[in-house]
Amino acid sequence: MKKKFPVFSLLILMIIVIGCFGCGLFLTKDPRYMDLAHFDTAPNKEFLFGTDSMGRDIFSMIWYGGRISLLIGFLATLLSTFLAVLVGSAAGYAPAWADGILMRATELILSVPSLLLTIFLQAAAGKANRYSLAVVIGLTSWMGMAKVVRTEILQLKNTEYVLAAKCLGGGFFHLLWRHLVPGLVPSILFMVVMNVKNAMAAEATLSFMGLGLPVEEISWGSMLSLSENAFLTHAWWSVLIPGLFLVGTIFCLTNLGNYMRKSINKRHSNL
Amino acid sequence: MIKSAKNKNKTIGLFCTAVILILSACGTTEIGEKEKTSSEQAKREQTAADQAEPVTLVYGSGDYTRINPAMDEHGEINILLFNGLTAHNGENEVVPGLAKSWEFDDASNTYTFYLEEGVKWHDGEPFTAADVKFTIEAIMDPENGSENAPNYEDVEEITVVDEQTVSFRLSAPNVAFLDYMTMAVLPEHLLAGENMQESDFFRNPVGTGPYKLESWDAGQAIVLAKNEDYFMGAPHIDRVIFKIVTDDNAKTLQMEAGELDLALLTPKDAASFANREGFSCYDMRTSDYRGILFNFHNDFWKKNRDIIPAVCYAIDRQAIIDAVLLGQGMPAYGPLQQNIYNNEEVEHYDYNPQKAREILEGAGCVEGEDGIYTRNGERLSFVISVGAGDQVRVDMAHAAAQQIREIGIDCTVEIPTRIDWNGQMAYLIGWGSPFDADDHTYKVFGTDKGANYSGYSNALVDQYLMQARESADPQVRAEAYNRFQEELAKDPAYAFICYIDANYVAKSSIRGISPDTVMGHHGVGIFWNIADWTMEE
């Protein structure tokens, strides 16, 4: 059965991404500006999404903060994908004993809850900023993908064109980047999309717990961390709105990822 | 609080000063015995017998690493465990404590205290005059580095006349002396020869107070049980638990969940308990102010001390009070606004961004392209540090920093894990004592005094504070404090922001809290009459 392309999800995702990165064009308020006269204001004409407890405009913060959330998502995924391809292909390509060591090591790290690992690493790295957070999340989320990459490499390395390239004297990295990685892309694409989603969720979790970005650095996660107070002051908008944006983005990414996985599986079963 | 002896900002004047009306009339004055009616005593025993279940009060407290009233300025648990020779009543006047009466000899500047008889330490040993001498001498010993030392620097000699009598000879009159004798007395028999900063005693304190330490689970809870032999009569509530909850939000949630019976909350959090069944809100006035401390040890302020008035004019105090404190506070212009010696006439530095910019330009600063002034090629830029955990201060610092940026000084906020008192540029400080005007002024603004964390030094300020301390004549004192406040306004040590009300939320079952007492720094002081509180289950 053909899975329908998730047009709707893609549309929402594009609106959010374009809105966040192009927010300079349409925002009228400074997201950092504390309008002390209008704290905890419910959504109205001037403040479309209301204001938080220090009078910052949530509408501006959402778009502005989204940039950092998305940036962390993308950077972390870039790093984790790179690590996954490196470790996975090395294991797949290496002799059995090295493969064994690499995979057992990967499984060892995989067996530690990644949130715990993230917290440890962030604590060791010191004060969090957007880049350190991206690195820490990236460092703790490559393991699953590395295992997939390894399986793919095991298949690919015995294909004729790889053998041919090898016979012509191609080194490991040449083979990897020119011949193996292009073959891998379709099968890990959905994992990449899922990783973006996971990284964004991890950022929000860490910031919410006060271990991620400081409150001054606006992201959806740090906005949610401020909202702890909002439960007590009944300022529902300062919880609901960043929450909706985060959940919406993650939902769309999941839909997209699932679609990719299904279409790839289909192709594999057609082999 | 009390993370260490140097943790100043969380300062509290439990053992400090007061408005000593008594002294103003003093020659050789006898102060009468406090009343202790035996019928009242009997009634208490009766109620205690009726209640089979122990009555427990759980209070949401800051953290303690030690309980050391002699070395640390603050610590509200002290008043439950210890007594001073004198005490403060609900009007913050001096009343008898461990001393049932005292007299003052003008000619020799000598106070003689007559102690209560039959008072016992929690471990059963008798309390004597030697304990008093030991405690104050330990505080005065410079090797011990006590935050309270400036309060006793004019004590020349302490004499133990007999077991129940002790006298203090001062080098010069000190009007606030009876206030300072509220200092908790420590037991000599447990502390003689011990290190006054490190001793284990400060984790197993033994006092004479209404409650004794039952157990201490570090970082979790300090459990106090009532002292049946308390010399002023056993308290009604059987146990008081100081549950350590350092985070403001967590405190509110635990109050909400019923895990706490009493807590000091932020105004925003306290507002959610107003008019709710089962809770009573106590919005108490305090002498507790907040301001931006400028650290004059830092090079930036050595070079730019003259732009401090611009910073003061930049702060819109009412806006901060309305947004951060929900209006529960008042704008501050000086350290004595809740005191009888307050001088209204000084410069208030009311919000005036125009004037702030004029001052900057008058000082030779040039506005750069980014709207920030530069001086001799250097951008005007400083960082306000704030202690973590106190949401009100953090919010205040952010709001003030934004207002300072608006007049063209680049000001940011950081929340360091450890406060670097000598290195930092500025700090969101709090002080303020409800007692004598000498308290939290002499040692806070005097050159090189124990609690002067800004490195502030002004010869005139020193001189006026000394004059005020040494005179018992209210007119001389008023004059000296007027001049002190004028000078401090001219050459500000802090950019004062506001006085904050203390918003206590209690279960309605707690009776006996006095709502009109002016609280001290950090809203401390609510426990002054804990022995009289009751709780119905």
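1. In which helix of chain A is the place of Leu13(A)? Leu13(A) lies in helix 1 of chain A, residues 7–21; helices (H or I, at least four residues) and strands (E, at least two) are DSSP runs numbered from the N terminus. The model is a predicted one, in which local features need pLDDT of at least 70 and side-chain atom pairs count only at pLDDT 80 or more, while totals for chains, interfaces and linings use all residues. Residues are numbered from 1 along each chain as its sequence is written, and chains are lettered from A and ligands numbered from 1 in the order in which they are written.

2. Leu13(A) counts as partly exposed because it has 18 C-beta neighbours inside 10 Å. A residue is buried with 20 or more other C-beta atoms within 10 Å of its own, exposed with 12 or fewer, and partly exposed in between, the C-beta atoms being placed from the backbone. Leaving aside residues up to four places away in sequence, Leu13(A) touches Thr249(A), Cys252(A) and Leu253(A); contact requires C-beta atoms, placed from the backbone, within 7 Å.

3. Helix 3 of chain A (residues 58–93) spans 50 Å from its first C-alpha to its last, close to the 52 Å expected for its 36 residues at 1.5 Å a residue. The expected span is 1.5 Å times one less than the number of residues. Since 26 of the 36 residues are buried, helix 3 of chain A is largely enclosed by the rest of the structure.

4. In chain B, 4 strands form an open antiparallel sheet in the order 4-5-7-6; two strands pair if DSSP finds at least two bridges between them. Strand 4 (99–105) and strand 6 (155–162) of chain B stand at the edges with a single partner strand each, so one side of each has no neighbour in the sheet. Strand 4 of chain B is joined to strand 5 (residues 110–115) of chain B by 6 bridges, and Phe113(B) in strand 5 is the bridge partner of Trp102(B).

5. The largest nonpolar core has 78 residues, and Phe113(B) and Tyr504(B) are among those with the most contacts inside it. Such a core is a set of buried Ala, Val, Leu, Ile, Met, Phe, Trp, Tyr and Cys residues joined through C-beta atoms within 7 Å. Not counting residues up to four places away in sequence, Tyr504(B) touches Leu262(B), Leu264(B), Tyr282(B), Met284(B) and Ile526(B). A second, separate core of 76 residues includes Ile320(B) and Trp431(B).

Methods
Two residues are in contact if their C-beta atoms, placed from the backbone, lie within 7 Å.
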